[in-house]
Amino acid sequence: MNKIILVGKPNSGKSLLFNRMTGLDQRVANFPGVTVLLKKAKWRNFELIDFPGSYSLKPITEDEVVAVREFELLLKDESLSAVVCVLDSTQLLRSLHYALQVLKASREHGKKVIFAFNLYDEIIAHRLQIDFAGLQKELGVPCTPLSAKTGYGVEAFSQLLLTSDSNVPPQDLPDNLNAKELSKKYGPQTDLFFKKINRLDRFFLSSYWGGAIFLLLMALLFQSIFTWSTPLMDLTESLVAGVGDFVSGFFSAGIYRDFVVGAIFGGLGTFIVFAPQIFILTFILGILEDSGYLARIAIICHRPLQLFGLSGKSFIPFLSGHACAIPAIYAARMIESPKKRLITLLTVPLISCSARLPIYSLLVIAFIPDEYFLGWISLRGLVFFGLFLLGYITVFVVSSILNFTIRKKEQDVPFIIELPSYRRPFLKPLFLRSVRSAWDFLSNAGPVIFFTTVIVWVLGYFPQGNANLEGSWLYMLGRWFEPVMTPLGLDWKFGVAVLTSFIAREVFVGTLGTFYGIESADGDVQGLSQRLQQDQLSAASGLALLIFYVVALQCVSTLSVIRRETNSLKIPVLLFVGYTVLAYAMAIITYKILT
Amino acid sequence: MNMWQLKAQQKAKILDFSASLSDIQKMRLVDLGFAKQEIVVCVKRIPFGGPAVYQVQSSMFALEGSIACQVVVELME
């Protein structure tokens, strides 16, 4: 299949154009360097490839190295039909600077090039214009305006891509082409975009309240994950319970009914309840990403993070790590300094990800009273915020140790980041992205949880074949593991739940749900947190368990990505052992202090 | 003077780069627009030694001191 590639400087909207053309929803955001992997999809009869952005064809960062190496390889590929260089119309000079390098390299290999001037809706909104006819004549390449965000000009661009001549004889670019002169001659002469940036940055980067605004936004983010999602979670829980009652009514008392109540609605059903939290988290993170504020966060955080051996850019992987550690580990590629990049990717797993949310929610609801300060600050929300904060504190302690121990031969690369224009988040794609993220959470973890809960149910139900857990195979396994849980004041049930959660964290909730489902095989699908309360488990044990889950690295996929990114088996093994021991020690200390 | 010494809202012309700056970093600065004879404005300084925000050509960049101090500039006003 013939190929078409999308290249351009960071944050020029390549991925948004890729999504618009292919109908996919690859991650996009308003900060430089969000695409760190090559993304491929079918478009008409072509394979469309989205490249990570690059400021130059002389790479510095890991994501640029990947982009430039692949670009050079593809230029030699016979099946490459066209190179689409995506330019940011609001930043014509710098876009042209990179576009001319792309044009030169492509011409040398006789490849067709099209310049797509993205974000043209902003040019129109400011009643400005770019002289495309002039540019086209001078450069000798088709130049077309479009807006991947609104869809303006995308059809015309697609037609141009399909119809323009692919046979371009190899030739050198004239030496007199200069981005500055081209931009001056054909681009809009205005500083309107600067005025907008300056006005907002006076507020967001203020020496007096810039840091306070950042902290307030973060506190609001973590509070809202808990408080805003509560009505949606309650609704989902009622739905699951209603369906559970309805379905179990079809079965007479016996093994099938016990299985439906215990394994399906006790295990898997308990887990589904937490999907709204993933939706809210992705939605709020998406607003921060799309607005352009993330780059400002990187600047505000740079100096404090430097004290722990990290970069301001480390905060961007950390923030996306709240959704999932895997894209966050890839996002660390945007960090120029090899040492800071390594420290960032080794500490990303300590950031509280969405898989931890169900565990936090369950235990917080079970052990923390539903009280409010000043009428609107929820105590449970505060504890939730505290757990996220503890994740960060652990990151800083571990980073400091790693900064002291890791020695890199390469010279450290200084911090440089571009400040993108502020943009209003585009709510419809963001909403769809958040729904997709909640669905991915369910569909990725669902089969693992279902499989594990079925095994747990079988082990808990047999050999007696009734609701009495004691004497079951699971009981025997749990008793064997119980000594590990005793220092935390927990019994064998929690031992089994913790043990199974090493497959994936979320399994913890499913396993506990299955236990309580087996015990109350009467069709009563009651909230799991209520059952934990009825079990009279101490708050000290609950908090110790929470602390354990803040730190423990229980995600096989994350370990496998760390292995790939570090090209080492030793690092993920040491990380797994180290974080598990640390988590256990911190949990014991918490329990001892509280008792 | 060097670019790091610019105060907020000061404008300067880039004259040269420090000899200790590696070629790859020099090229990157040029790619970003920090080329000789370009006009640069220090838009914002972040407190406690944080990065400084500079406007060059049609873009804004935040640079930390270790690289900004390698750019030799001449104050314009």
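## A buried alanine, its chain and a partner chain

A:A544 is buried, because 26 other C-beta atoms lie within 10 Å. A residue is buried if 20 or more other C-beta atoms lie within 10 Å of its own, exposed if 12 or fewer, and partly exposed in between, with C-beta atoms placed from the backbone. This is a predicted model: local features need pLDDT of at least 70, side-chain atom pairs count only at pLDDT 80 or more, and totals for chains, interfaces and linings use all residues. Residues are numbered from 1 along each chain as its sequence is written, while chains are lettered from A and ligands numbered from 1 in the order in which they are written.

A:A544 sits in helix α24 (residues 539–551) of chain A. Helices (H or I, at least four residues) and strands (E, at least two) are DSSP runs, numbered from the N terminus. Beyond its neighbours within four places in sequence, A:A544 is in contact with A:L488, A:A587, A:T590 and A:Y591. Contact means that the C-beta atoms of two residues, placed from the backbone, lie within 7 Å. A:L490 is 54 residues from A:A544 in sequence, and their C-alpha atoms are 9.6 Å apart.

Now the whole chain. Chain A has 26 helices and nine strands. Its radius of gyration is 27 Å, close to the 25 Å that the globule rule gives for 595 residues, so chain A is as compact as a globular protein of that length. That radius is taken over C-alpha atoms, and the rule is 2.2 Å times the number of residues to the power 0.38. Buried residues make up 49% of the 595. Of the contacts in chain A between residues at least 6 apart in sequence, 75% join residues at least 24 apart.

Confidence comes next. pLDDT is the predictor's confidence in each residue, from 0 to 100.

| Part of chain A | pLDDT |
|---|---|
| Helix α11 (residues 255–272), lowest | mean of 73 |
| Helix α26 (residues 570–594), highest | mean of 95 |
| Residues 521–526 | under 50 |

What does chain A bring to its contact with chain B? It gives 25 residues, and chain B gives 26. Elements α3 (92–108), α8 (192–204), α13 (293–306) and β9 (416–418) of chain A each supply at least two residues of that side. Three bridges join β9(A) to strand β4 (residues 59–63) of chain B, and the two run antiparallel. Strands pair if DSSP finds at least two bridges between them. A:I417 has B:A62 in β4(B) as its bridge partner.
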